[in-house]
Amino acid sequence: MEAAPQPPFASVSDSRLNRNTRSFSSFSSSSSLLLSRKNAFYRNKHSRVKFKSSSTLCLRASSSSSDSVVTLLDYGAGNVRSVRNAIRFLGFDIKDVQTPEDILNANRLIFPGVGAFAAAMDVLNKTGMAEALCTYIEKDRPFLGICLGLQLLFESSEENGPVNGLGLIPGVVGRFDSSGGFRVPHIGWNALQITKDSEILDDVGNCHVYFVHSYRAMPSEDNKEWVSSTCNYGDKFIASIRRGNVHAVQFHPEKSGDVGLSVLRRFLYPESTMLKKPTEGKASQLAKRVIACLDVRANDKGDLVVTKGDQYDVRENTKENEVRNLGKPVELAGQYYKDGADEISFLNIIGFRDFPLGDLPMLQVLRLTSENVFVPLTVGGGIRDFTDANGRYYSSLEVASEYFRSGADKISIGSDAVYVAEEYLKTGVKTGKSSLEQISRVYGNQAVVVSIDPRRVYLNNPDDVEFKAIRVTNPGPNGEEYAWYQCTVSGGREGRQIGAYELAKAVEELGAGEILLNCIDCDGQGKGFDVDLIKLISDAVSIPVIASSGAGAVEHFSEVFRKTNASAALAAGIFHRKEVPIQSVKEHLFKGGIEIRI
């Protein structure tokens with residue numbers, strides 16, 4: 001049950017995440033383990049993984065098992081808290097896998113694979129879980145793999161490889177091809193094409209489900225008996241498999257709202273009828289995302305509040321000069337989920353001043369939000385290497401791991417990414433030691449967002465600077481027709497000698513999976529997104545770009561989607577102040593023929 005000790009290969013023990021205290025010695029060595037272990041098992045190119053023997057492994061019903069218990073295989077990478085919360089939300093208790101025998105004795109097993117293929121196989125092999133998984137699945141026991149939990153069933157992966165998989169399903173997991181203009185990673189809400197009776201997908205209908213991945217398996221003659229649905233993104237890839245009691249999905253049901261919960265419910269209650277079916281959708285392709293952003297900081301009384309800046313100034317223009325208070329973060333996030341937000345983004349706007357792992361309230365916000373919000377959560381602020389007052393060094397990977405284990409699906413890096421990009425552009429060397437590179441390597445680039453905070457610098461001549469300059473739609477205060485976008489750090493307070501264009505190109509090469517593109521000039525103005533800037537950056541990179549800063553009306557969302565290649569649009573103040581409801585934005589986009597999640 002939940003009170004059971006955490007698996008020995010979990011990176012952080014949830015039982016140690018006390019609301020009021022936090023000892024940094026509680027970090028296990030799993031983060032470094034994921035980076036250092038070598039693959040222990042080898043196999044021929046088209047054969048299943050070769051084990052010593054499976055004769056000593058037998059399946060038996062556990063005397064303590066119950067119909068209300070789900071066995072969860074958490075190998076210690078990424079955010080599985082949301083899967084735990086979804087399982088509990090549906091009325092089940094959780095038994096964590098401690099040993100290979102726990103897998104074999106499970107009545108039903110969920111494997112929410114998160115992170116990089118090689119790191120996951122490393123842990124599974126070293127702990128003996130790989131052999132047990134194969135035995136369990138080959139016995140046609142109830143199994144649900146999620147995301148990487150699907151990919152690992154195949155023969156091998158090209159991710160940092162080739163790397164051998166479990167070899168249960170014929171095929172190689174390869175990277176999406178971005179040459180046709182499709183952005184990689186594949187992030188967002190896409191449609192399924194159901195190819196055969198899958199049981200767990202019976203209530204999905206024409207609704208969108210949430211994907212976030214850079215690698216995929218392709219359908220073939222050799223694996224067609226397994227494939228239960230596909231998805232189109234450049235190519236037709238495998239979205240789910242089913243054979244007997246064995247299921248796996250490439251998308252994230254725990255992040256797909258009511259539709260995703262219906263998938264989990266069908267697996268957990270295979271004989272049940274739905275009490276509440278998801279709203280019938282009209283999904284046909286990847287949807288544009290509408291994201292609610294919550295800037296979170298402590299007010300002058302020490303309470304954690306959602307605030308909103310006017311060109312990054314979050315204090316009221318009053319005698320008291322107090323921090324602008326627009327609500328409580330957990331309550332607002334829950335409301336935006338109900339309103340139809342496709343993602344929730346938390347920005348800890350004082351994270352650059354304080355050690356983020358000492359920021360207990362922000363971690364608790366993530367934990368509490370993820371209990372009832374089943375769409376992706378991103379958190380940013382203070383993701384960097386740190387040395388405390390006692391001289392103890394904490395890597396950015398440890399910092400990110402704590403956020404992931406507390407409920408974050410993606411990490412947003414700001415100032416630290418600027419410093420890393422500057423050094424990379426100067427030397428041309430990828431050290432592999434930066435926060436961006438480390439987190440991307442262990443968790444996959446789809447888990448890393450880089451937040452860019454530029455301001456316009458107007459020019460009469462684009463050749464006046466060494467950075468990329470463009471002709472702007474609205475001339476500057478003195479009639480200047482050109483501008484370059486200077487990047488800033490420390491919440492916009494310090495300008496750096498690097499442009500947004502140069503930064504975006506550099507961080508993509510260093511491992512970023514998505515760009516959150518702000519604009520200080522437009523922030524809080526309500527006059528629309530900086531379309532010139534967003535077009536410049538979204539045309540320059542092959543990873544998804546989120547448009548941010550300046551939304552004041554529903555028309556601003558359709559404008560940015562029609563005039564640029566932005567994959568998503570984010571807003572804050574207009575949602576907090578209830579000036580423009582999320583549903584109004586979506587209705588406007590839908591009527592305009594723009595694909596959205598209903």
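## Cavities and a buried strand residue

Searching the whole structure turns up two cavities of 30 Å³ or more. Here a cavity is a set of points, on a 1 Å grid over the protein atoms alone, where a 1.4 Å probe fits but cannot get out. A volume is the space filled by probe spheres set on the points, with grid points joined across faces, edges and corners. Please keep in mind that this is a predicted model, in which local features need pLDDT of at least 70 and side-chain atom pairs count only at pLDDT 80 or more, while totals for chains, interfaces and linings use all residues. Residues are numbered from 1 along each chain as its sequence is written, and side-chain values use heavy atoms, with hydrogens and water left out.

**The largest cavity**

- The largest cavity holds about 240 Å³ of space.
- Its lining is made up of 20 residues (a lining residue has an atom within 4 Å of a point), and Val114, Val212, His252, Asp409 and Gln446 lie nearest the centre.
- By residue type, this lining has ten nonpolar, six polar and four charged members; Ala, Val, Leu, Ile, Met, Phe, Trp, Tyr, Cys and Pro count as nonpolar, Asp, Glu, Lys and Arg as charged, and the others, Gly among them, as polar.

**The second largest cavity**

- About 70 Å³ is the volume of the second largest cavity.
- Its lining residues include Ile291, Glu343, Ser345, Thr378, Lys410 and Leu570.
- Strand S17 (343–348), strand S21 (410–413) and strand S27 (514–517) are the elements that each give two or more residues to this lining; strands (E, at least two residues) and helices (H or I, at least four) are DSSP runs, numbered from the N terminus.
- Five nonpolar, three polar and three charged residues make up the lining of the second largest cavity.

**Ile344**

- Ile344 sits in strand S17.
- Ile344 counts as buried because its relative accessibility is 0%, where buried means under 20% relative accessible area (1.4 Å probe, protein chains only).
- Leaving aside residues up to four places away in sequence, Ile344 touches residues including Ala292, Tyr336, Val375 and Thr378; a contact means heavy atoms within 4.5 Å.

**The chain overall**

- The protein chain has 17 helices and 29 strands.
- Of its 598 residues, 61% count as buried.
- Among contacts with a separation of 6 or more, 72% join residues 24 or more positions apart.

Definitions and conventions. 1 Å grid on protein atoms, 1.4 Å probe; cavity = no way out; pocket = protein on both sides within 12 Å on 5 of 7 lines; lining within 4 Å. Buried < 20%, exposed > 50% of the residue type's maximum accessible area, 1.4 Å probe, protein only.
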